[in-house]
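Here is a short briefing to read alongside your model. Keep the 3D view open and follow the residues as they come up.

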Amino acid sequence: MEGLAMLRQLIGEVQELCELYGSSNYIPHQPHTQLLYHHHHHHQHSHRWCFPNFDDDSAEDDYCDPIMRSGKSGTLKTMEPYEPPPTKKSRKERNRGKLPGTTNSAEVMEQEIWKEFPEDLFEAVIARLPIATFFRFRLVCRKWNSLLNSNSFSQHCAQVPQGHPWFYTITHENVDPGAMYDPSLKKWHHPTIPSLRAKTVLPVASAGGLVCFLDINHRNFFVCNPLTQSFKELPARSVRVWSRVAVGMTLNGNSTTAGYKILWVGCDGEYEVYDSVKNSWARPGSMPLHVKLPLSLNFLSQAVSIDGTIYLMRSDPDGIVSYDMVTGAWKQFIIPAPLHLTDHTLAECGGRIMLVGLLTKNAATCVCIWELQKMMLLWKEVDRMPNIWCLEFYGKHVRMTCLGNKGLLMLSLRSRQMNRLVTYNVLSREWLKVPGCVVPRGGKKRQWIACGTAFHPCLTASA
């Protein structure tokens, strides 16, 4: 891939020279290129490639115009002696004819080079494309559209390091039936999942690109890939589930191919585990006596999953309970909560257990981040929201909801006078404001986010 990057840079430099010195053989390409397009000219029988503009998130799928250059690959035709000496064009002249906001990113690829591009590398390259680009790019041909069902493509996707998680949220209006936020592009998407329509569902857990939903009316569980709409309704349970439960989800391996498990646990200690391989619920046993009941839980009590173990926040006494999905063992850890703490939620980052919550004293309120010191079983404050942001909360009754707790946190902060969405990157300690979620189909009204969960987008995850 390093050679590919060098080749692209070289071609860009050559094109810039052509444009700069006014070569008569240079033909400017169209700036609206969207897809990687393989064009077969029936008269010249030549194969021509264009790179997509990966930075453009337009929903349109335009094709690039094929361009051929005379001469051998990497060479330029010399100018005739009688032509006037080259003159440097101004930036205004060079940009003339270009659309506002566009860049010269659709690079012409040389025929002699790219006709030898190995077919087995296509899937490896495609697996590393941004999610939004991939879905536009599927329209090129049937072969690329069928990649989602390819085992080899799934293996390539599994080798790509996970980036920032996305966030699946439920809006107050419960529209369509929720909204997804891509933090890389800072853009909201409004998926259409027909199987979830007319249902009052809450996203309660996720693993491997799948999101687990709880229907609070009929008390059923569903698992869905929001990107591909792969959907599954889980079988009925032996115990009635209601809103005062916490839910966790883990993978049996590195991907959903090996299956997944889902745990729900109630305040009274009842719990069940769903195994996707067996497609059934099981009650492995009862809560051990050393775990004090009842547990203070509800669907906002987001669990974290680390190496196959589910961790849940509890109170009275303050601490954490954990369940090993492999061995079926429960553990309880008594950990004093920080003083003046409200609206707190567990989070995780790279195997570390974190805590995020509101710290309120007198009229001042601030969002704080703690990390669990496992040896001493104490919370150590590691960061807090910038003071200039916290000043906005002064004297207000602020409530906080955590909408995602996997390395990148999304927090909803609201009061009668304000409604804010922010993200916090645990590794870089960066706080960012999230753009408002607007009603789809041309609406201008901003939606209020009620709840949500983080999930790592995966094109090949199957429910």
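This is a predicted model: local features need pLDDT of at least 70, side-chain atom pairs count only at pLDDT 80 or more; totals for chains, interfaces and linings use all residues.

Residues are numbered from 1 along each chain as its sequence is written, and side-chain values use heavy atoms, with hydrogens and water left out.

- Strand E4 (residues 166-171) and E27 run antiparallel and are joined by 6 bridges. Strands here are DSSP runs of E with at least two residues, numbered from the N terminus, and two strands pair if DSSP finds at least two bridges between them.
- These strands belong to an open sheet of 4 strands, in the order E6-E5-E4-E27, with antiparallel pairing.
- Strand E6 (187-189) and strand E27 (449-455) stand at the edges with a single partner strand each, so one side of each has no neighbour in the sheet.
- From one strand to the next, the twist averages 30°; axes are lines fitted to C-alpha atoms, and angles run from 0 to 180 degrees between N-to-C directions.
- As background, strands of a sheet pair through backbone hydrogen bonds, either parallel or antiparallel.

**Another open sheet**

- Here 4 strands follow the order E15-E16-E17-E18, and the pairing is antiparallel.
- Its edge strands are strand E15 (304-306) and strand E18 (330-334), each of which pairs on one side only.
- Neighbouring strands of this sheet are turned by 25° against each other on average, direction ignored.
- E15 pairs with strand E16 (residues 309-314) in the antiparallel sense over 3 bridges, and Ile 306 has Thr 309 in E16 as its bridge partner.

**Cavities**

- The structure holds 4 cavities of 30 Å³ or more. On a 1 Å grid over the protein atoms alone, a cavity is a set of points where a 1.4 Å probe fits but cannot get out, and lining residues have an atom within 4 Å of a point.
- The largest cavity has about 90 Å³ of space; a volume is the space filled by probe spheres set on the grid points, which are joined across faces, edges and corners.
- Its lining has 14 residues, and Val 204, Ala 205, Ser 206, Ala 303 and Lys 406 lie nearest the centre.
- Strand E7 (201-207), strand E11 (245-251), E15 and strand E23 (399-406) each give two or more residues to this lining.
- By class, the lining of the largest cavity has 7 nonpolar, 6 polar and 1 charged residues (Ala, Val, Leu, Ile, Met, Phe, Trp, Tyr, Cys and Pro count as nonpolar, Asp, Glu, Lys and Arg as charged, and the others, Gly among them, as polar).

**Cysteines**

- There are 0 disulfides in the structure, a disulfide being a pair of cysteine sulfur atoms within 2.5 Å.
- Cys 224 counts as buried because its relative accessibility is 0%; buried means under 20% relative accessible area, exposed over 50%, and partly exposed in between, using a 1.4 Å probe and protein chains only.
- Cys 267 is buried too, with a relative accessible area of 13%.

**Loops with backbone details**

- The peptide bond from Leu 293 to Pro 294 is cis, with omega near 0°, and Pro 294 lies in the loop between strand E14 (280-282) and E15.
- Asp 316 and Pro 317 are also joined by a cis peptide bond, with omega about 0°; Pro 317 is in the loop between E16 and strand E17 (319-324).
- Gln 229 has a positive phi near 65° and is partly exposed at 37% relative accessible area.
- His 340 has a positive phi near 60° and sits in the loop between E18 and strand E19 (341-349).

Technical notes. On a 1 Å grid over the protein atoms alone, a cavity is a set of points where a 1.4 Å probe fits but cannot get out, and a pocket is an open set with protein on both sides within 12 Å along at least five of seven lines; lining residues have an atom within 4 Å of a point.
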